[in-house]
Amino acid sequence: MWKRRFGLLYNPSQRAKFYLADLENWELVDGETNKFGISQFFFFYKPDPDFTIYFLRELDDENNFPKDINDDAIGSLSYYLFAFCNVSYHTDYSSREEVILYYREVPLFSAPLECVDEGRTNLVPPEFVADPYYISDSFRYLMCEFVFQHRCRNYSGEAKEMFRRVIPVYKSEQERDEFERYIEQKGFPHYAIGKRKLSGEALKRFESTEIEIYKAFGDPTAPEQVATELKENPYLVICFAHPDNKDLDGIVKALRTGKM
């Protein structure tokens, strides 16, 4: 029974999910040359050091990779990035970094990292960018939690709160399907289905929603005032994109139609 509880009866992929969820038992190794011959930090799972996590960085190619959130090459699909602060100044949209989970020499899972909010936040993006969501027991979500914990550090709590405002986390694919049927019944068809009109409760919320532009950048008293306004008005939405952002109209439209 104890072996079952600690995942010792499972194969490496199954055990890896148990271990990823055990966030406090991973230890950082820094300043040593890793198995790739690179002097860069990595993590190992203390109860079972055969499981390691590496962060590998590729060299940036300025000609082929967009570095700014305002770059047309990025487009509007990654709308969840606008949940973070300083969205107009993502000068390091992606660090060309990849996170890889190994069992001994076998890679069990890998995913790109997105570096957002002026480098304060790293995240493992959802698998489906146009229809982003996570499944709570998937490698992708568990690794996203790991990255929040061990890369964002003191900022991890705030980063997760902002991210979860716009990205749903489901227990299973079945729960996701049930939820999508539920919101369609409320008159809010899934935006990926096509150009279908709102109706019922969704239409009522749409007509009641107020969109305001945040213009008080640099004013230290503004966040508290905005927070108070949001608490007092459940139909108020604040667009935090900078007023000079060339995509401001598109962002406001996405907010208006419930895509953000």
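Colleague: How are α2 and α3 oriented to each other: roughly parallel or roughly perpendicular?

Modeller: Please bear in mind that this is a predicted model. The axes of α2 (residues 12-21) and α3 (residues 139-151) cross at roughly 30°. An angle under 35 degrees counts as roughly parallel, and α2 and α3 are therefore roughly parallel to each other.

Colleague: Within what distance do the axes come, and what is the handedness of the crossing?

Modeller: The axes of α2 and α3 come within 9 Å, and the crossing is left-handed. On the α2 side, the contact is made by Ser13, Ala16, Lys17, Leu20 and Ala21. Phe139, Leu142, Met143 and Phe146 make it on the α3 side.

Colleague: Let us take Leu20 in α2. Is Leu20 buried or exposed?

Modeller: Leu20 has a relative accessibility of 1% and counts as buried, since the cut-off for buried is under 20%.

Colleague: Which residues does Leu20 contact, leaving aside its neighbours within four places in sequence?

Modeller: Leu20 is in contact with Phe139, Leu142, Met143 and Phe146, and also with Trp26, Ile53 and Leu101. Phe139, Leu142, Met143 and Phe146 belong to α3.

Colleague: How far apart are Leu20 and Tyr141, in sequence and in space?

Modeller: Leu20 and Tyr141 are 121 residues apart in sequence, while their C-alpha atoms are 9.9 Å apart in space.

Colleague: And His150, where is it placed, and why is it called buried?

Modeller: His150 is in helix α3. Its relative accessible area is 12%, so it is buried. Beyond its neighbours within four places in sequence, His150 is in contact with Leu23, Trp26 and Phe43. Trp26 is also among the contacts of Leu20.

Colleague: Changing topic to the sheet: what is the strand order?

Modeller: The 6 strands run in the order β1-β2-β3-β4-β5-β6, forming an open sheet with antiparallel pairing. β1 (26-29) and β6 are at the edges with a single partner strand each, so one side of each lacks a neighbour in the sheet. Ignoring direction, neighbouring strands are turned by 25° against each other on average.

Colleague: Over how many bridges do β5 and β6 pair?

Modeller: β5 and β6 (residues 121-123) pair over 3 bridges, again in the antiparallel sense. The bridge partner of Val116 in β6 is Thr121.

Colleague: Finally, what are the figures for the whole chain?

Modeller: The protein chain has 8 helices and 10 strands, and 41% of its 260 residues are buried. Its accessible surface comes to about 15,400 Å², with 50% belonging to carbon and sulfur atoms. Of the contacts with a separation of 6 or more, 56% are between residues 24 or more positions apart.

How values were computed
Residues numbered from 1 in each chain as written. Predicted model: local features only at pLDDT ≥ 70, side-chain atom pairs only at ≥ 80, totals over all residues. Heavy atoms only, no water. Pairing = 2+ DSSP bridges. Helix = DSSP H or I, 4+ residues; strand = E, 2+ residues; numbered from the N terminus. Buried < 20%, exposed > 50% of the residue type's maximum accessible area, 1.4 Å probe, protein only. Contact = heavy atoms within 4.5 Å. Areas by Shrake-Rupley, 256 points an atom, 1.4 Å probe, with all protein chains shown as cover. Axes fitted to C-alpha atoms, helices over the stretch in contact; angles between N-to-C directions. Parallel < 35°, antiparallel > 145°, perpendicular 65-115°, else oblique. Left-handed = near helix turned anticlockwise from the far one by under 90°.
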